[in-house]
Amino acid sequence: MAKPHVNDRGFIRCPCNRCINNAQHQLEVLETHIHRFGFMSDYNEWIYHGENVYAASSSNVLHPNSGVHDRDEMFEVLEDIISNDAEVDQLGSQSSNVQYDDLFTALNSELYPGVSSFSSLNFLVKLMHLKVMNKWTNKSFDELLKLLKLAFPKMDLVESHYEAKKLMTKMGLGYQSIHVCKNDCALFWNENSMSETCPVCFESRWKMQAGRRTGKNVPHKVLRYFPLAPRLKRLFATSKTAKLMRWHQSGKSTDNNVMRHSVDGRAWKDFDSKHTEFADDVRNVRLGLAADGFNPFNNMSISYRMWPVVLTTYNLPLWLCMKPEYLMLSLLIPGPQSPGKDMDVFLRPLIEELKELWENGIDTRDAGNDRKVFKLQAALLWTVNDFPARSSLSGWSGQGYKACPTCNENTPSMRVIGKTAYFGHRRFLPSTHRWRSNLDFDGRTDRKRPPRRFSSVDIMD
C-alpha cells in the first residue's frame, strides 16, 4: 500500500516507534525499522501512506503521545544528518541504524513530564551552544547539570559534560585524537597507529617517569584532527546553504576590471582553465587554508604556543565566506613550540583527505537539487598567513640570506649592522626604465634580469 506514495527520491515517512513519522527513509530501511523497533500503536489512519492524504499537514506531525503539536526543530537537523551521512545503498544497514539510536531516544524524550514541545536533545544542544559562546569550563558545565537535576529531579538530562560530548559526537561534531612523537618526527596514525615507539627517532610514545611508564598511558603530544568531508557534506544538507554554495557562479562580477570576490581574480580563473572538469560542476568546493600560532593561556609569561589550521570555503558569498560560523577548524597542533619545519608531519591527515577529495571525491546529497547524490570534489587554492607561518607551510626559510620566496636562491642580500638587508629591487623594473641607470641608490647602475620563476618540479628537486 505504501509503495505508490514514496516521493521522487524514493523516500517515505517511517511509522516505526523510533521515527514516529518524523524521519524519511527508503522502503528497505522502513521495513528494517518496523521489524526492529515495532510499529506505532497510535497510527491508525495512514495519512502519510495513502489513507486520507489530504489530512496531513506539512508543518505539523502526529506524535503518538501528545497528538498534533509543533514539530521539534531537531527532527529536521537529524533528517539532514542521516540523509547526508548514510549512502543510498547503506541506509538499511544495521550499523547505520545503531549509530543514531541514542540521538533518536533523546529526541523522542520529553525534557520534563508534560513538556512535549521541547525534547531532551533540543535542550542539550542549546545548552552546549551557550557553553561554547560564553566560554564555560567543563567543570562549571558539570555543576550546572547537577544543579538542574537537583532542582528538577524528573528532568531527562545527561549527567556530565563527558556524556553530552559523546552524544554530540554522533551528530558529526567530533574530532580524532592522534598521538604525536615528542620530537615531532611522526604521527602514531595509520600504519604507525599501533606502534609503541617513534619509527624515526625510536622515542617512546608515552610519557615516562624514571625510565618507566606512568600508571596510565599518557602520550607526549596529541593532535586534534577535525575531518573535512563530513563538514563539506553538511553544507549541502539544507537547501539554504546548498544554494549559497553556488553563489560564486552567479554572483561574480560582470566587469573584468572589478574584483570583489576571489572568483574575480586571476588565480581562480587560471585554475578553472587548467582543470575544466573540476570547474564544470559549480558545487565543487574551493578552499583556502590559514594557520598561525597563539598563546591559549592569555599569559605572555608562558611561552606555550599552539597552532590552529583553519579552512574557509570560497564558494560562499563574500559576506559569508569569512564569517566565523563558516570557518572550519581542521587541525589543532599542540605546543609548546612552533612546529617549524615539521609542519608537514602535522598536516598529513588533512593532506591525505584533500588528496582523496581531489582525486575521487565523496558521494553527497544536494538538498538544493531534490537531494540527488553527486560526486563532491574539493581543491585547496591557496594559503593565507604571515611570513613566519608561510615559512612553516612552504618549507622555505623566512630568515637568512636567501629568505625571499620570489628570488629564492638568487636573493641579493648583505649584512648591515647585525641585520640582513635585501636589495636589488630595480631588476624587476623594465630594462629601459630610467631608475636602472640612476646612481643615487648605491652608486651603480643595475642591468640584471629578474630572477627566474621556479616550477613545482624545480622546487621538489
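Pro-336 sits in the loop between β12 and α13; helices (H or I, at least four residues) and strands (E, at least two) are DSSP runs, numbered from the N terminus. The peptide bond from Gly-335 to Pro-336 is cis, with omega near 10 degrees. The model is predicted, so local features need pLDDT of at least 70 and side-chain atom pairs pLDDT 80 or more, while totals for chains, interfaces and linings use all residues. Residues are numbered from 1 along each chain as its sequence is written, and side-chain values use heavy atoms, without hydrogens or water.

Next, the sheet. Seven strands form an open sheet with mixed pairing, in the order β6-β5-β9-β12-β11-β10-β15. Its edge strands, β6 (187-188) and β15 (378-384), each pair on one side only; two strands pair if DSSP finds at least two bridges between them. β11 (307-313) and β12 (327-333) run antiparallel over 6 bridges. Thr-312 has Leu-327 of β12 as its bridge partner.

Helix α13 (343-359) packs on this sheet. The strands it touches (contact: heavy atoms within 4.5 Å) include β5, β9 and β12. Its direction makes about 140 degrees with that of β12; axes are lines fitted to C-alpha atoms, for helices over the stretch in contact, and angles run from 0 to 180 degrees between N-to-C directions.

Most residues other than glycine have a negative phi. Asp-184, between β5 and β6, has a positive phi of about 60 degrees. Phe-202, between β6 and β7, has one of about 65 degrees. Asp-184 is buried at 10% relative accessible area, whereas Phe-202 is exposed at 61%. Buried means under 20%, exposed over 50%, partly exposed in between (1.4 Å probe, protein chains only).
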